[in-house]
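Here is a friendly briefing to read with the model open beside you.

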Amino acid sequence: MSDQKMSQSARPPSHASVFIWLFAVSAIWHYTSSSSDIINYWFTYNPKITPLVFLSIGSAFIAACYPTRTWALMTMCVGQLIAIFLRFPFVADHLVMELFLNFAILISFLSVAIPKRTLKVSVEELFAIFSPIGRWLLIIMYFYGTFHKFNPGFMSIHSSCAVPFIEGFPVVRDMLGPGVLEYAAIYGTLILESIAMFLLLSSRTKYFGMLMGMSFHFIIGISGYGTLAHFSAFALALHTLFVPSGFGERIYNERLVPGILKSETNFRIATVLFITLQVAFALHLATSRQGYLVNSLFALFAVTVMFLVFKYGQVRQGDAPYRLKSPLLALNVLPVWFFIYCLSPYIGMGTGGVMAMFSGLHTEGGVSNHYIVRKPIRLFPYQDNVVYFESATNPSLAKLAEEGQGVVMFDFQRHITYREQLALPLTVRVNDQRYPLEHPDQLIEFMNEHFTEQSWLERKYMSFRVVDDPAPKQCRH
C-alpha cells in the first residue's frame, strides 16, 4: 500500500517521459538557435508568424516541465501541430518530421481516449503506440540522408556541405593534409549514416546504431560552421526511442546522479533554468551573431545524453520487446507516407522538406545530378520549368540573380502571388528564353504564358528549394 502512495518525486522516469522531455527541449531549440528567426520574429513582430513561434515555445515548455502528464504532452502536440501546419510548407526538413510525429501522438491519444470515453490516458500507453512511428522516421531520415547525397554536388570537395561543417573544427583541419579531411568528411558522412541506419533495424545492434548516429549529430551540432542545435537535438531525441524500456529506471538508480534531481519538483526547476539558458543564449546569438554559447550548451546537453545512452542503453533481461510496428495498425501508414514524401524530388514533386538538406541534389528542369536516378521520373510537372533572374528589383530575387540560382515556376508564381509583391523592372530566363519585364502589360503576357491554376492544397503542400547548378561550386543547401 505504501508503494501505491509513493509520491511522484520518488518514481523513476519512464522511457516515455525521458523521450517527451528531450523532444520538448529540442522543439524549443528550433526557435532559439537561428539568429535570423530571432531577429525577424522575436525582435520584430510578424503578425502571421510570431504568435506561432511563441505558441510552439510555450507548449513545448509545458511538456518539458511536466513530461509525465498526458495533458502536457497533448498541449505540446496540438501547439506544435498548429504552429507547423500554419507555416507549412515553408518549414525546415526536421519540422516536417516533427509534424508527422506529433500527428502520430494525436492519433494515438484519440485511438485510446475515444473508445474508453476518458481523457485519463497515461503517457506510457500513448508511447507504446506512437514510438514505433518515431523510430521509423529516424531510420527513413538516415536512408534519404545518405541516398540524396549520391551526387557530384555533395561528393566534390569544392561544393560538398560536409566540408564547411568539418572545417568548423580548425584544430582537426590543421592536423591533416589538404584534401584528407575533406574526403574523410564526405565519405565518412555516407558511411556513418548508412551503417547507423542498418544497425537501428535490429534489437541486437541498435545500441551501436544509437552511439554512431548520436556521435554524428553531436559533430553537426557543435561545428563552428553554424548553429544547428535544433536539428541535432531533435535527432538525439529520436535516438532515445531506441533505448531499452528500463533506461530511465537505471539512471534513477545510479548513485552518481544527485539525489536532488530525483525529485520531480527539483527536476522541473532545473528544466526551467536550462530553458532560460536556451533563451538567454538565443538573445546573445541574435545581438552578437556569435553562436559559441548556443553550441556550447548543446555540447553539454549532447554529451550528457550520449554518456547515459552509452552506459545504460544496452538491452537487458526484462526489458520490453523492441518494436518497429505500432499496435495501432492504421498508424503504420505514416512512415510509408513519409517515405513517399521524401521521394518527391525524383518524381517531379517538391524538393523542400524531403531530407535533402545539405545534399547538393538537383532534379529540376528535367535534369538530375543523382548518380543512380540519372533522369527524374516525371509523374508530376511541378519541377519542369525553372525561372532564372538576370536582374531584379525585389531584394529576394536580386540575391538569387547575384548567386546564379533559380526557382521552379510553380514556386515563383506562388511567391509573387501570395508572399511578396513583384516589383518591375525584372529580367528572367525560362528554358533559355529571355523575358524582359519592364511594364505591367509585359508581366501580364508572361503570366498568361507560364502561370497555371494553383489549388489551395497544392500551395499548402508543395515545398521547393532554390535551384542550383547540377555541379555547384560551393555548398548551397
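## Briefing

Ser245 sits in the loop that links H12 to H13. The model is predicted, so local features need pLDDT of at least 70 and side-chain atom pairs count only at pLDDT 80 or more, while totals for chains, interfaces and linings use all residues. Residues are numbered from 1 along each chain as its sequence is written, and side-chain values use heavy atoms, with hydrogens and water left out. Helices (H or I, at least four residues) and strands (E, at least two) are DSSP runs, numbered from the N terminus.

- Ser245 counts as partly exposed because its relative accessibility is 33%; buried means under 20% relative accessible area, exposed over 50%, and partly exposed in between (1.4 Å probe, protein chains only).
- Not counting residues up to four places away in sequence, Ser245 touches His15, Asp319 and Ala320; contact means heavy atoms within 4.5 Å.
- Between the C-alpha atoms of Ser245 and Phe339, 94 residues apart along the chain, the separation is 27 Å.
- Lys149 belongs to the loop between H6 and helix H7 (152–155).
- Lys149 counts as buried because its relative accessibility is 8%.
- With neighbours within four places in sequence left aside, the contacts of Lys149 are Phe154, Met155, Thr189, Leu190, Glu193, Phe358 and Ser359.

- Helix H12 (residues 229–239) is largely enclosed by the rest of the structure, because 11 of its 11 residues are buried.
- Among the buried residues of H12 are His230, Phe231, Phe234 and His239.
- What do the buried residues of H12 pack against? Their partners are H1, helix H5 (93–116), H6, helix H11 (206–222) and H15.
- Val309 is part of helix H15 (residues 292–312), and Val309 is buried, with a relative accessible area of 0%.
- Beyond its neighbours within four places in sequence, Val309 is in contact with Tyr207, Met210, Leu211, Met214, Val243 and Phe247.
- Tyr346 comes 37 residues from Val309 along the chain, and the C-alpha atoms of Val309 and Tyr346 are separated by 37 Å.

**The second largest pocket**

- The second largest pocket holds about 1,200 Å³ of space. On a 1 Å grid over the protein atoms alone, a pocket is an open set of points where a 1.4 Å probe fits, with protein on both sides within 12 Å along at least five of seven lines. Grid points are joined across faces, edges and corners, and the volume is the space filled by probe spheres set on the points.
- Its lining has 38 residues, and those nearest the pocket centre are Pro13, Trp21, Ile251, Leu261 and Phe267; lining residues have an atom within 4 Å of a point.
- At least two lining residues come from each of helix H1 (15–30), helix H6 (123–147), helix H13 (247–252), helix H14 (264–288) and H15.
- Which helix gives the most to the lining of the second largest pocket? H14 does, with 7 residues.
- The lining comprises 23 nonpolar, 9 polar and 6 charged residues. Here Ala, Val, Leu, Ile, Met, Phe, Trp, Tyr, Cys and Pro count as nonpolar, Asp, Glu, Lys and Arg as charged, and the others, Gly among them, as polar.

**The sheet and its helices**

- An open sheet is formed by 4 strands in the order E2-E1-E3-E4, with antiparallel pairing; two strands pair if DSSP finds at least two bridges between them.
- Strand E2 (406–408) and strand E4 (433–437) are the edge strands, each pairing on one side only.
- E1 and E2 pair over 3 bridges, and Val387 has Val407 as its bridge partner in E2.
- Strand E1 (residues 386–391) and strand E3 (residues 426–430) are joined by 4 bridges; Ser391 stands opposite Thr427 and Tyr388 opposite Arg429.
- E3 and E4 pair over 5 bridges, with Leu426 opposite Leu437.
- A hairpin is formed by E3 and E4 with 2 residues between them, and Asn431 in the turn has a positive phi of about 55°.
- Helix H19 (residues 440–450) lies across E3 and E4 and runs at about 140° to E4; axes are lines fitted to C-alpha atoms, for helices over the stretch in contact, and angles run from 0 to 180 degrees between N-to-C directions.
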